[in-house]
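The entries follow in the order in which I looked things up.

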Amino acid sequence: MKSVGLVVTMILRGTSGTFAGAGAPVPEGYQNPPPSGRPSAAFDDAKCESVWKMASPNGGTLAQDKAVPFVVNFQMVDTDKDGKISADEFKTGCGKGWIQEPDAATVKDMQK
């Protein structure tokens with residue numbers, strides 16, 4: 001009887017490392033899922049200025065409802081979270097790929 005208990009103890013000790021391993025290492029980097037809206041190509045200053053003039057012809061801030069054709073993800077561009085996008089926020093968004101050029105049909109509708 002003692003030998004059976006000894007054998008069971010040896011088996012459990014031998015396999016305990018298999019079951020109680022450290023596990024997979026935690027990957028480095030960003031751990032949260034990406035925000036909705038995929039970034040597009042970053043714009044240079046000239047392209048950014050051109051799109052900003054379409055988005056905000058008077059140069060004022062851009063409200064969320066007016067930003068839809070230009071901004072991929074409003075929350076990512078509105079860094080101060082005031083519900084409006086300033087020219088500086090827009091320019092930063094251009095550099096990060098969060099600004100897009102509207103399609104031709106949208107531009108045509110805007111010119112009406």
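**Entry 1: confidence.** I noted first that this is a predicted model. The mean pLDDT of the chain is 80, and 64% of its residues reach 70 or more. I then checked the elements: helix α1 (residues 2-19) has the lowest mean pLDDT, 64, and strand β2 (residues 84-85) has the highest, 96. Where pLDDT is low, predicted coordinates should not be read in detail.

**Entry 2: overall layout.** I counted 6 helices and 2 strands. Along the sequence they follow the pattern α-α-β-α-α-β-α-α. The chain has 112 residues, and 21% of them are buried. I also looked up the contacts with a separation of 6 or more: 61% of these join residues 24 or more positions apart.

**Entry 3: the core.** Which residues touch the most other members of the largest nonpolar core? I found Leu62, Val71, Ile85, Phe90 and Ile99, in a core of 16 residues. Helices α2, α4 and α5 each supply at least two residues of this core. The most comes from α2, which gives 4 residues.

I listed the contacts of isoleucine 99, leaving out residues up to four places away in sequence. Isoleucine 99 touches Ser40, Ala41 and Phe43, then Val51, then Phe70, Val71, Val72 and Val77, and finally Phe90, Gly93 and Cys94.

**Entry 4: aromatic rings.** I searched for aromatic pairs and found 1 in the structure. The ring centres of tryptophan 52 and phenylalanine 90 are 4.9 Å apart and the planes are at 55°, so I recorded the pair as tilted. An angle over 60 degrees would have made it edge-to-face. Tryptophan 52 is in helix α2 (residues 45-55) and phenylalanine 90 in helix α5 (residues 87-96), so the pair links parts of the chain 38 residues apart. Both tryptophan 52 and phenylalanine 90 are buried.

I also looked at phenylalanine 43, whose ring has the charged end of lysine 47 over it. That charged end is 6.0 Å from the ring centre.

Entry 5: Is glutamine 75 buried, exposed or partly exposed? Its relative accessibility is 45%, so I put it down as partly exposed. Glutamine 75 lies in helix α4 (residues 74-77). Beyond its neighbours within four places in sequence, glutamine 75 is in contact with Gln64 and Lys81. Glutamine 64 is 11 residues away from glutamine 75 in sequence, and their C-alpha atoms are 9.3 Å apart.

Asparagine 73 is in the loop between α3 (64-67) and α4. With a relative accessible area of 5%, asparagine 73 is buried. I found a polar atom of the asparagine 73 side chain 3.2 Å from the backbone nitrogen of glutamine 75.

**Entry 6: lysine 81.** I followed the contact of glutamine 75 with Lys81. Lysine 81 sits in the loop between α4 and β2. Its relative accessibility is 56%, so lysine 81 counts as exposed, the threshold being over 50%. I then checked the backbone. Most residues other than glycine have a negative phi. Lysine 81 is not a glycine, yet its phi is positive, at about 55°.

Technical notes:
Residues are numbered from 1 along each chain as its sequence is written. Side-chain values use heavy atoms; hydrogens and water are left out. pLDDT is the predictor's confidence in each residue, from 0 to 100. Rings of Phe, Tyr and Trp (its six-membered ring) pair if their centres lie within 6.5 Å; planes under 30 degrees apart count as stacked, over 60 as edge-to-face and the rest as tilted. Buried means under 20% relative accessible area, exposed over 50%, partly exposed in between (1.4 Å probe, protein chains only). A charge sits over a ring if NZ of Lys or CZ of Arg is within 6 Å of the ring centre and within 35 degrees of the ring normal. Contact means heavy atoms within 4.5 Å. A polar contact is a pair of N or O atoms within 3.5 Å; within protein, one must be able to donate a hydrogen and the other to accept it, and residues adjacent in sequence count only if both atoms are side-chain atoms. A nonpolar core is a set of buried Ala, Val, Leu, Ile, Met, Phe, Trp, Tyr and Cys residues joined through side-chain atoms within 4.5 Å.
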